[in-house]
Amino acid sequence: MHSDKQLFDRKSQLFLLVLAIVTVAVLALNILVPEGNPLHISTYTVTLLGKYLTFALLAIAVDLIWGYMGILSLGHGAFFALGGYAMGMYLMRQIGDRGVYGDPILPDFMVFLDWKELPWFWHGFDMFWFAMLMVVLVPGILAFIFGWLAFRSRVTGVYLSIITQAMTYALMLAFYRNEMGFGGNNGLTDFKDILGFSLQENSTRLTLFVLSALFLALGYIACRYIVTSKLGRVCMAIRDAEDRTRFIGYRVDKVKLWVFVFSAALAGIAGALYVPQVGIINPNEFSPLNSIELVVWVAIGGRATLYGAVIGAIAVNYAKSYFTVAMPEVWLFALGGLFVLGTLYLPKGIAGIMKRKEAVA
């Protein structure tokens, strides 16, 4: 595997162009085409597409560290969930006295659990800018602490994967506890509005969809900038021959740490965009199975391509939406089979097929 050297190579231009066209087309078909027309795209579908785009941003974050640096993280679902919880806490504070119990300060679940005052870590989340800062900082700080300990100790390979999995599992168990102050098993839900705009309004849903597309494009460009820079070449050298890279003088642990933290922050942003569109965040988002699914997305789409991760995330989640409705008992078997077949017959994923066709042409 190798990386193209240009920031905006032909595939990147094509990806960004397709993303822009799809975004504009979805908006036009929702706003301009009347309901009942076969070409009309409903607000429900727009929200579903917006959710897929947040998953695509998360897949890019995983591809950056797995495809380009060889770190198989099975815990990126945790960073995604932490970003989602930061956004969820802001949305809960916006409910105010419109909750079931009418308390202007305490969220409903705290009133129900007989909390007397707001916990210290909930302060500041009534301000949008503070919540957005936490969306990036909380996953970033956790990734920094985890990465600093793991990379300095030279934990690599399957051992690192197991530790990341253990981290997200531990967080899931912690967030299930009511005394943690995050809603326990039910999580955070019943959101009303964001920045004063109702989450049920069509315009708000469209705006969230456009923001998801915009951040996906920005995340893609930022990752392309990294992988086409000198830092990206060092990342690939670490992936292909870590000991040699260290031997010639590079601080491998620092490079890994920087990219890992950046990837975690990107996953946090994806989580923040996800929550207002689905209307809930709960401890299930920390589930180890979710983090494993992220790896499947990237493997099926194609590692070390970025756009392949986007294709994989959207294709697998579309299949998930279909199968979990049509044949819910089949989905997990289908996902497992897809991963096995992809690994055996498509080692470079869907992106590999596209490259092969280009080579033949």
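Helix H6, which runs over residues 157–175, has 19 residues and reaches 28 Å from its first C-alpha to its last, close to the 27 Å expected at 1.5 Å a residue; the expected span is 1.5 Å times one less than the number of residues. Helices here are DSSP runs (H or I, at least four residues), numbered from the N terminus. This is a predicted model, in which local features need pLDDT of at least 70, side-chain atom pairs count only at pLDDT 80 or more, and totals for chains, interfaces and linings use all residues. Residues are numbered from 1 along each chain as its sequence is written, and side-chain values use heavy atoms, with hydrogens and water left out.

The buried residues of H6 include Leu160, Thr164, Met167, Leu171 and Phe175, where buried means under 20% relative accessible area, exposed over 50%, and partly exposed in between (1.4 Å probe, protein chains only). Seen down the axis of H6, its buried residues fall within an arc of 150°, so they line one face of the helix; the arc is that of the directions from the helix axis to the C-beta atoms. These buried residues pack against helix H3 (76–95), H5 and helix H11 (288–301), while Val158, Tyr159 and Ile162, on the other side of H6, are exposed.

Leaving aside neighbours within four places in sequence, Leu208 is in contact (heavy atoms within 4.5 Å) with Leu199, Pro276 and Gln277.

Methods. Helices (H or I, at least four residues) and strands (E, at least two) are DSSP runs, numbered from the N terminus.
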